[in-house]
Structure formats: C-alpha cells, structure tokens
Amino acid sequence: MRRFGTVTGLALRELWISFRLLLVVGVLVAAAVPSAMLPHTTPALAASPLESPLEWFAIGLALALGVVGGMAGAALSRERRRGSAGWLVIRAVPRAVILLGWFAAFVLLLVAGLLPAATLVWLTVAAPASDVGDAWPFLAPMIGTWAAGAAAVAIGLLLGTLLTPWPAGLLTMLVTAGLLLIAVVGIAPQLSDAPAPAAGLAILGDLPNQARPVGDALRASGSSLVVAAVALILATAVLGRADL
Amino acid sequence: MLRPAAVVTSGLRLSVQGAKVLDGVNLRVPVGARLLLVSEPDDAASALLRILVGLLRPSGGSFDLAGVPRSDEADAGWRRRIGYVGGEQGFYPWLSPREILDLAGRLADYDRAERRRRIDAAIEHYRLGPGLDKPVSRGGPPLAQRVALAAAMLTDPEVLLLDDPLRSLDAAERLRLLAVPGRRRTVVLGSRYPASEDGLVDQVALLLNGRLNIHARRAELADRGLPLTLRGIASLAVMQAPAVPRAAGA
C-alpha cells in the first residue's frame, strides 16, 4: 500500500511538473464553458439544433474524457520508454502497482476537473431549470461521467503498455472520445441505453427527457467501472510481460 | 573448493524480432568475483544484465541471483541485495539527488534514521554536495550517473550489475567510484570499452554471437601477454579452445 501511494504521488508530481495536470483539469472545465456561458450571452447559439445546453456539456465532456484517456496512455508509455518504470521495478515496486498508481492519479484528476465543471453547469443551467433542492438527477449522471472517464483512462493505460507514446495517446483519444460521442449524440442507441458504459454521458445530455436518471446513471457507472477493471486486468497482464 | 555462486544462468535465451541476442548462455559468477562482461555484438552483454535485473523477459532458460531464483514478486528484502546501474538512469529528471536517494531508501523499507545515515554517507562518497537539492537534470549526465550509482549502492547490495556506467566522468574519478569495496560483493560489469576497466575486474567473459565464448580469470590474459580488449579476450578463447573440452552443441 505504501508503494502504491508513492507511485501515485510520483505520477501526480510528474503531471504537475509537466503541466499535464493543469491540462487535464483545464479540458474538463473547458467542457463546461460553452453550455454554461454561451446560451446566455449568444442567443444564436441558444437556438442551435442541440436540444439543451446539457447536451453541449455532454459533448464537451466526451471530447475531454477522450483527451484525458489519451494523456494517460501516452504517460504510461513514456514511463516505460524513459526507464522510470524500470527504475521502480528494480526497487521492488510490482508492475501492477505502477499501473494502478498511474490509474489512481488520473482518476483523482478526473474528480478535480469534473467537480468545478459540474458546479459551473449546475449553477448556470441545471439548477434554474429544476428544483434546486434535488441535485441527484444531475449528480448521478456526473458520477456516470466520472466512471466513463475512469474507463477511458484504463483503456489508455492498456494501450500505453502496448504502443509508443504518440500512437497510444492518439488511438486512445480517437477510440474513447468516438464511443462517448456516439453515445451522447444517439447514433447507436445501444451505447446510450442505461447499462452501457457510456450511458452516463448520454443521460446527462438528455437529462430533461429521462424518466429514471438516477438509477440508470448509477447502473451505467457500474458498467463503466467493469470496463475499467477489465482494461486494467488486461493492462497488468501485458505490462507483466513487457520489456522495461 | 568451489566458491558459492552469486549469479547463475542456465541456457538463457533472448530473441528480438527473430534475431538471437542470447543463445543458451550458461554463466556462473562466484561470490566476490569482479567480472568484466563484453560481447560481440555490443548489445548482448547489456541484454543479459537487463534480464538479470528483471527489465527484459528472456525467451528461455533460467537464472539465480544472490542465491534466489529471480521473481517479480520478490520482496524488498531480496531486491535490496541487488544493485543495477544501466545506460539510462530512469529516475525522474525533476527529482533532486537527495530526493532520489530518499526514494530509493524508502522503497528499500529503511526507516527515516537509517535513510538519513545512508544518504549522508552517499553524498560524501559520491561528492553530490553541489546541486544536492536542485533537479538532477541541471547537473547534466555526470551528476545523473553519480546519483544512479549512489542510489544503487544505497542498500549495500551483494550483487552489483553495471551496464557501461559512469561514462561521463573522467577516468580517475570513474575508477575511484567503480572500485566498490566488499570482499563478498559480486560485481558484473558490462562494458563496451574493456581496456578502460583494467584494475576493476578479476575475471573476464565474452559473449560471442549470443553464446558464452570464454569465462576466464583476468590473470590468464596477463600471463599470455594479451591486452584487456575484446580482441585480447577473443584471442585467449582461441588459445584455450583446444585445451577445453566442449560439450556437444556448446
């Protein structure tokens, strides 16, 4: 457990020193800006084909989570190639702990980025449109979004164990952002149905029309975490056999 | 009497993209030996050291290190008996030398007082004073290489695996730092410039095309007037070949 904490701390510090920590938090907060600000200041945008500012928020988050997943993939791949992972392995840090340490670091950053983004959107869009006292219908899809982000990070780490930094980052970004966008826009209904891993975002984007947003979003969170767990298990197996 | 072995490899094989880098290496390094490991091509010695320390996965064969079959799940107690310095330092460039040594000490499960004692000794021996609390990248390769060796030696390892280390230091300082004390400490020194290792080793081994071509005492080179070079070691192998019965297929 101490080694896990050490690796997570090193990962967070590495992300901070290289400004990637600010980038992760920044893209998540930036995802909230269009839906929170633009409809109030630009009437033309308010009349866009998108059904609600929450749908803009969901689309922004889909793109942002893809970026975060890509950064996770590139980060782990870089750790392998630079020898940082090897330096730790030589000192009795299991490879799985390195993987989980980086996963934990990114998941914490997801929380750090999603909290202000959600607060911004809640205060400007969601709260005025509903009973302010009942935040659960908004909070549950945000939990689903965080879980979808965790899955994106885990997929990124899996690809980071296999590929060099740029391919790992770009492929993760394309795959995860693509799947999340498809779910939000509703091109593939099976992705936006309640138990699907990406459904948390889809529910967030279509919140006013949801009959059971809390229950459905929490079920989606569960399936996202299952995807994350499967990706992490695969990544552990691959990293266990990888040359460092 | 046969001395106990610190490093034993049995039929160690490594293939990279179909090319055989190691092709059944059987090597036995006694406790306390100072072995110079050279290879042709160059990367075989480095690959062998990286396999021993767990960074590369062998294609086949097995090995023991410090008397224990290597395992990823080996505990820190075993791990700290092994030291390794490779061509790439691996630590984060924004860490200061003090932080790197402290991290190495923490991962070796030393308490605060023990860490401090060992780090202070390392700072003095490896002359890390200037730049001790600044990012190690600011000190350039010479500082990074000193810190890498200091971190590897922090746990006073029984087996020290060195892959062409300290190339950025001047020859005298390099020899001073690499002449690690300890009669029971085993050192395997992979080098691309064998002549520069004179005075540091008492055994030599040559990996030729992935196979162990010769493993001999350093004195045997001197007895025959051969230099401590790749060619000198290869010549010794040729001279010894008729006298050494080889197993079939060896």
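**View 1. G83(B) stands opposite L160(B), which sits in strand 7 of chain B.** This is a predicted model: local features need pLDDT of at least 70, side-chain atom pairs count only at pLDDT 80 or more, and totals for chains, interfaces and linings use all residues. Residues are numbered from 1 along each chain as its sequence is written, while chains are lettered from A and ligands numbered from 1 in the order in which they are written. Strand 6 and strand 7 (residues 159-163) of chain B run parallel, paired over 4 bridges. Strands here are DSSP runs of E, at least two residues, and helices are runs of H or I, at least four, numbered from the N terminus; two strands pair if DSSP finds at least two bridges between them.

**View 2. An open sheet of 6 strands in chain B, with the order 6-7-8-3-9-10.** Pairing in this chain B sheet is mixed. Strand 6 (82-85) and strand 10 (211-217) of chain B are the edge strands, each pairing on one side only. From one strand to the next, the twist averages 15°. Packed on the sheet is helix 8 (residues 230-240) of chain B, touching strand 3 (34-40), strand 9 (203-208) and strand 10 of chain B. Contact means C-beta atoms, placed from the backbone, within 7 Å. The direction of helix 8 of chain B makes about 90° with that of strand 10 of chain B; angles run from 0 to 180 degrees between N-to-C directions, with axes fitted to C-alpha atoms, for helices over the stretch in contact.

**View 3. Helix 1 (residues 43-53) of chain B, a mostly buried helix: 10 of its 11 residues are buried, so it is largely enclosed by the rest of the structure.** Buried means 20 or more other C-beta atoms within 10 Å of the residue's own, with C-beta atoms placed from the backbone. Among the buried residues are A44(B), L48(B), R50(B) and V53(B). Just after this helix of chain B, G54(B) takes a positive phi of about 95°.

**View 4. Helix 7 (residues 136-162) and helix 8 (residues 165-185) of chain A, with axes that come within 9 Å and cross at roughly 150°.** That makes these two helices of chain A roughly antiparallel, a label for angles over 145 degrees. Residues of helix 7 of chain A in the contact include A152(A) and G156(A), and those of helix 8 of chain A include L171(A) and V175(A).

**View 5. Helix 4 (residues 53-82) of chain A with helix 8 of chain A, axes within 7 Å and crossing at roughly 160°.** These helices of chain A are therefore roughly antiparallel too.

Technical notes
Contact = placed C-beta atoms within 7 Å. Parallel < 35°, antiparallel > 145°, perpendicular 65-115°, else oblique. Buried ≥ 20, exposed ≤ 12 C-beta atoms within 10 Å, placed from the backbone.
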